[in-house]
Amino acid sequence: MSAMFCLSQKYWPVFGLLLLVLGSSIDVTEAKRIHHKFAAFGNRIVGGQEAEEGVAPYQVSIQTLWRTHICGGVILNSRWILTAGHCANGFGVQDLQIIVGTNERLKPGQILYPDEAIVHSMYDIPAEYANDIGLFHLNDSIVFNERTQAVQLSTVHPPVGATVILTGWGARGLNWPPEERLQTINLTVIDHGDCKRAWDDNDGVDIGHFCTFTRAGEGACNGDSGGPLMWENKLVGLVNWGAPCALGKPDMQANTIYYLDWIRRNIAECKHRVN
Ligand SMILES: *[C@@H]1O[C@H](CO)[C@@H](O)[C@H](O)[C@H]1NC(C)=O
Ligand SMILES: *[C@@H]1O[C@H](CO)[C@@H](O)[C@H](O)[C@H]1NC(C)=O
């Protein structure tokens, strides 16, 4: 029974196309609707700045074998990467590499290869982007050093108003390519009810999400998905979805405190694979 969680993903031959739609922002209708109303984007993440060298040693870039950046993620331990469900879903693990230990996604500290992908069994249920969390198991162990470290998981929810720090190689605006150097931005946790109202009670703002918002021109963008939101040096969230990009609506992040049991259970059940 538990082995179910450890089954590998089937190969999907269409991942070239999926690249176009994968990202922090999947609500294409919403994107199209509001894209024309706002034009000016800030820099990078959107509105962020370049991250200091080594500031996020737990950050990974999930890439195709030909180095196209798909998503962010974090190192849980020497064999496990945590990311968004939509990042672990729909790609053959044999077509992916995961780079660690660098701010420059084209200059890896180390390159690791996933041999399994696990997506939450309730991914997209009951609404799109619900339970948007996933794991990659690596076929070899990460070598830890100053630039390459496991993330610490917070067990405490950041309160409304807390500043959380996002890092990622996501684009500076819709339809831009991912950044080559890691970017960072501070975002503010907002009330869940306020967030849901800002999204007209959209079902995609789920119990497993928390929302961040500062102002239009600041937020996550395509390629930031799966990447970390940190509070008091611990992981509290992973980029899930939003209006691409930073158009003045809150971004939804997978709440990793809500999913702590899921994370621990899945790693434990697949422990036999970790040599
Ligand atoms: C891991 O997978 C990669 C890519 O398939 C392969 O080149 C490498 O030899 C594998 N490493 C181990 C330890 O099996
Ligand atoms: C971001 O937040 C952190 C932690 O609260 C703080 O130390 C840092 O100065 C902030 N950075 C910016 C650019 O505001």
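Biologist: What is the handedness of the link of Cys-71 and Cys-87?
Modeller: That link is left-handed, with -75° about the S-S bond. Keep in mind that this is a predicted model. The sulfur atoms of Cys-71 and Cys-87 are 2.1 Å apart.

Biologist: How many disulfides does a search of the whole structure find?
Modeller: Three. Another one joins Cys-195 to Cys-211, with 2.0 Å between the sulfur atoms. The link of Cys-195 and Cys-211 is left-handed, at -80° about the S-S bond. Cys-195 sits in helix α4 (residues 192–198) and Cys-211 in strand β11 (residues 209–212), so this pair ties together parts 16 residues apart in sequence.

Biologist: Why does Cys-195 count as buried?
Modeller: Because its relative accessibility is 0%, and buried means under 20%. Cys-211 is at 1% and counts as buried too.

Biologist: And what about Cys-221 and Cys-245?
Modeller: They form a disulfide with sulfur atoms 2.0 Å apart. The link of Cys-221 and Cys-245 is right-handed, with 70° about the S-S bond. Cys-221 is in the loop between β11 and β12 (228–231), and Cys-245 is in the loop between β13 (234–241) and β14 (251–255). The two are 24 residues apart, and the pair links distant parts of the chain. Cys-221 and Cys-245 are buried.

Biologist: Changing topic to charges. How many salt bridges are there in the whole structure?
Modeller: A search finds eight. One of them pairs Glu-50 with Arg-181, where the closest N and O atoms are 2.6 Å apart.

Biologist: Where do Glu-50 and Arg-181 lie?
Modeller: Glu-50 is in strand β1 (residues 49–50), and Arg-181 is in the loop between β9 (163–168) and β10 (183–190), so the pair ties together parts that are 131 residues apart in sequence. Glu-50 is partly exposed, at 39% relative accessible area. Arg-181 is partly exposed as well, at 25%.

Biologist: What about Arg-172 and Glu-179?
Modeller: Their side chains meet in a salt bridge, 3.0 Å from N to O. Arg-172 is partly exposed at 23% relative accessible area, whereas Glu-179 counts as buried at 11% relative accessibility.

Biologist: Which residues are joined into one network by salt bridges that share partners?
Modeller: Glu-50, Glu-53, Glu-104, Lys-107, Arg-147 and Arg-181.

Biologist: On to the ligands. Which residues are around ligand 1?
Modeller: Tyr-113, Asn-139 and Asp-140. An N or O atom in the side chain of Asn-139 is 2.3 Å from an oxygen atom of ligand 1. On its own ligand 1 exposes 360 Å², and the protein buries 35% of that.

Biologist: What surrounds ligand 2?
Modeller: Thr-163, Ile-165 and Asn-186 surround ligand 2. A polar side-chain atom of Asn-186 lies 2.3 Å from one of the ligand 2 oxygen atoms. Ligand 2 has 360 Å² of accessible area on its own, of which the protein covers 31%.

Note on methods
Residues numbered from 1 in each chain as written. Chains lettered and ligands numbered in written order. Predicted model: local features only at pLDDT ≥ 70, side-chain atom pairs only at ≥ 80, totals over all residues. Heavy atoms only, no water. Near = heavy atom within 4 Å. Polar contact = N/O pair within 3.5 Å; in protein donor to acceptor, adjacent residues only side chain to side chain. Areas by Shrake-Rupley, 256 points an atom, 1.4 Å probe, with all protein chains shown as cover. Salt bridge = Lys/Arg side-chain N within 4 Å of Asp/Glu carboxyl O. Helix = DSSP H or I, 4+ residues; strand = E, 2+ residues; numbered from the N terminus. Buried < 20%, exposed > 50% of the residue type's maximum accessible area, 1.4 Å probe, protein only. Disulfide = S-S within 2.5 Å.
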